[in-house]
Amino acid sequence: IIQHAIVQYGGSGKSTAIAINYSSPFLDNSTIENNANAGISVGAGSMPLISNCEIKNNSGGGIYYGADSISTIKNCLISKNSGSGISATITTVLIQDSTIIGNSRYGSLYDSGGIEATSSTVTIQNSTISGNSAYRDGGGIRAWYSTVAIQNSTISGNSAQRDGGGIHAWSSTVTIEGNTFKDNSALQKGGAIWASSGTVKIKNNILTKGNIGNTAPSGAAIY
């Protein structure tokens, strides 16, 4: 159990500030900030619960999940990381009541600014994904050969240099239900949502227009 802790100015090279492997810690009411690599890395055989934490201003992203881990993130603020706020590869992650804001991923063609899911199962509930940016696709969320559900959340002000300002989904099964999309932008296609070569279910969402609308040269809301 790690509670009421501050972890800062750690990490270097490929070393993250907190590395979790083959363990299931409870990380609560803590701040992980200003580290030289990712704030937290989660490796194989791990099932951490991360709640009520702030993970911010880390140079290698917020939380990185490697293969064969399962995790819950609840009531956390993940902000202003230089790298994806959350990156999940071959793993299962539940994100509830959290805010992923102001993360930016540049220098990589294939990672989202907010949440990156690669060959993973990711569920996002009652959360805010806002002001994240990607060098290429998926400013807010990028799903790549993944199963992703986004429910009762706000996706706003995210941007992509190419496609999918809010969400970019490729060869994935994506359920988008009960969300609000506003002010997301892409320089090419799909201001709010871009999807191809997969299955996407969109139900009971609000995609705004006007001064706070989603924008792109092709498919301002959905492409």
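**Group meeting talk: loops, core and cysteines**

Hi everyone, let's start in a loop: Asparagine 152 sits between β21 (147–151) and β22 (154–156). Before I go on, please keep in mind that this is a predicted model.

For background, most residues other than glycine have a negative phi. Asparagine 126 also has a positive phi of about 50°, and again this is not a glycine. You'll find asparagine 126 in the loop between β17 (121–125) and β18 (128–130). Asparagine 126 counts as partly exposed, because its relative accessibility is 43%.

Now let's go inside. The largest nonpolar core has 36 residues. Which of them touch the most other members? They are Ile40, Ile50, Ile63, Tyr65, Ile73, Ile95 and Ile150. As a general point, nonpolar side chains in soluble globular proteins tend to be buried together.

Take isoleucine 150 from that group. Leaving aside residues up to four places away in sequence, isoleucine 150 touches Ile124, Ile141, Ile155, Ile167, Val174, Thr175, Ile176, Glu177 and Asn179.

On to the cysteines. How many disulfides does a search of the whole structure find? The count is 0. Cysteine 53 is in no disulfide, and the nearest cysteine sulfur, in cysteine 76, is 4.8 Å away.

Val200, Ile202 and Ile222 make a nonpolar patch of about 220 Å². Valine 200 belongs to strand β29, residues 199–203. With a relative accessible area of 32%, valine 200 is partly exposed.

One last stop is serine 15, in the loop between β2 (6–8) and β3 (18–20). Serine 15 counts as partly exposed because its relative accessibility is 37%. How far apart are the C-alpha atoms of serine 15 and serine 159? They are separated by 29 Å, with the two residues 144 apart along the chain.

Key:
Residues numbered from 1 in each chain as written. Predicted model: local features only at pLDDT ≥ 70, side-chain atom pairs only at ≥ 80, totals over all residues. Heavy atoms only, no water. Helix = DSSP H or I, 4+ residues; strand = E, 2+ residues; numbered from the N terminus. Buried < 20%, exposed > 50% of the residue type's maximum accessible area, 1.4 Å probe, protein only. Core = buried A, V, L, I, M, F, W, Y, C linked by side-chain atoms within 4.5 Å. Contact = heavy atoms within 4.5 Å. Patch = residues over 30% accessible without salt bridge, like charges linked within 9 Å, V, L, I, M, F, W, Y side chains within 5 Å. Areas by Shrake-Rupley, 256 points an atom, 1.4 Å probe, with all protein chains shown as cover. Salt bridge = Lys/Arg side-chain N within 4 Å of Asp/Glu carboxyl O. Disulfide = S-S within 2.5 Å.
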